Amino acid sequence: MHDLLPDEARIRRLIEGVALETFEHYGYHEIRLPLAEQSELYARSIGAGTDIVEKEVYSLHSRSQRASSARLSLRPEGTAGCLRAAIQHGLVRSGVKLWYRGEMFRHERPQKGRFRQFEQIGVEVIGMGGVEIDAELLSLGCALWRRLGVANNVRLHINSLGSANARARYERALVKFLTPRVSELDAESQRRLQQNPLRILDSKDQATRLALRDAPKLDEYWEDGDKEEFAMLRSALDTMEIDYRVDPALVRGLDYYGGLVFEWLSPDDGAQNAVAAGGRYDALAAQLGGPNAPAAGFAVGVDRLSALLGARLSREPDSGMHGAPDAYIVVPGKMELSKVLAATETLRRHAPRVRFAGPIIAGDKAQMRRARHSGAPFVLSYEQRETGKAQWRLCERGNPGSWRDIEVAELAPLLCEQGRIRRTDSMRQVLPDNPPN
Ligand code: HAM
């Protein structure tokens, strides 16, 4: 678990803002889901024999319960909860396009790009299927990368797991091929041979990869419909000029997938971690007690995406992603604090991005340094005269300006008139006052 400091939080907000806008443009609607679901949901969807469910799910029990009777688990991903909600609220038959964001929890060994609490932003299309939905999801992902300027840092890998029938026949053939070679496999793959043979294809172990060299290939077992769908998708991607690689070893670590699976990998990242991943899961709705309905989606790992953006954005000044403040106020020590605060607030009504350098105790020079660093086009220096009147001095870059008597209330309109600050109503009241209780 880790803290997100302001620089990181700002990057997250940028990612979330762009994602939200892009999803809404494509007609996806937000759903907010609980942090915990019945543990059973994850065993039935992600799969009881998967690493996630076997080793990584955090289960919750109260002091009065025994750990063995835990019924709730912190969500390790969003698809299962999203589909559960769509079934429960009757959204599946009419078809929905949903998006969500939130913290997920997996008890993994923390390392680069792998955390125990991490953020995903995901989309799920439930009750609608076909190549057009697959293609839309992939173009939606690409739109997100393009808008965030990371299109050159991610590479799309696709594969098809084929129909359930094709997969079952392939698994039998794979087990038959690998059983006499079991001693050549790594310990994890030996275990998977019984429980989840397809996942062996994903092994990074050298000896296992060697043993797999002459193994039967999944695409040899595809049915005619699988071949046709995959060819149609590839043709759609080519037409949309979406770059991709077909990766026959891509099988994913969650059991609910069938048909198309995909990942966006970051080739610069030594660990080859996926920045986002997803696929079709047409059988899952019925498996969870809902109607028979196609579904597909993907989730973006925001921590990993943020790392891709972060190195670049953290080099920009404080103002990098918000735009510079409109003005910075600097106040010599003699000034009465309440007057400064009142003046700042008055200015904010006209130009919300007015910053007050503070702390006054730091002295003018330190305040001025901070103000200059902010990228504000000018600094307002405020001073109270013996006459009791306040004076403002406008300091533009390299030009200290001269003192001028002016009432605070007149200052903002004057600065607007001079085009120095933009008049904006973004601090306006958004909703009418609620009547008092
Ligand atoms: P997943 O591949 O398990 O798929 O996770 C999706 C993304 O979440 C990964 O590509 C990665 O970027 C990020 N991620 C996963 N685990 C961690 C971790 N421990 N630390 C940091 N980031 C992580 C799913 O979760 C599916 N629900 C995706 C999906 C949606 N399929 C269909 N719809």
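**Close-up 1. Serine 45 is buried in this predicted model.** Its relative accessibility is 1%, so serine 45 counts as buried (buried means under 20% relative accessible area, exposed over 50%, partly exposed in between, with a 1.4 Å probe and protein chains only). The model is predicted: local features need pLDDT of at least 70, side-chain atom pairs count only at pLDDT 80 or more, and totals for chains, interfaces and linings use all residues. Residues are numbered from 1 along each chain as its sequence is written, and side-chain values use heavy atoms, with hydrogens and water left out. Serine 45 sits in helix α2, residues 39–47 (helices, H or I, of at least four residues and strands, E, of at least two are DSSP runs, numbered from the N terminus). Neighbours within four places in sequence aside, serine 45 is in contact with Ala80, Asp255, Tyr256, Leu284 and Leu288 (contact means heavy atoms within 4.5 Å).

**Close-up 2. A shell of 25 residues surrounds the ligand.** A residue is near a molecule or strand if one of its heavy atoms lies within 4 Å of it. The closest residues are Glu77, Thr79, Glu108, Tyr257 and Ala274. Strands β6 (117–126), β10 (274–280) and β11 (295–301) each supply at least two residues of the shell. β10 gives the most, with five residues. By class, the shell has 12 nonpolar, six polar and seven charged residues (Ala, Val, Leu, Ile, Met, Phe, Trp, Tyr, Cys and Pro count as nonpolar, Asp, Glu, Lys and Arg as charged, and the others, Gly among them, as polar).

**Close-up 3. Alanine 231 is partly exposed.** Its relative accessible area is 47%. Alanine 231 belongs to helix α9, residues 224–239. Valine 131 is 100 residues away in sequence, yet the C-alpha to C-alpha distance to alanine 231 is 9.8 Å.

**Close-up 4. Cysteine 82 and cysteine 416 are buried.** Relative accessible area is 0% for cysteine 82 and 14% for cysteine 416. The disulfide count is zero (a disulfide is a pair of cysteine sulfur atoms within 2.5 Å).
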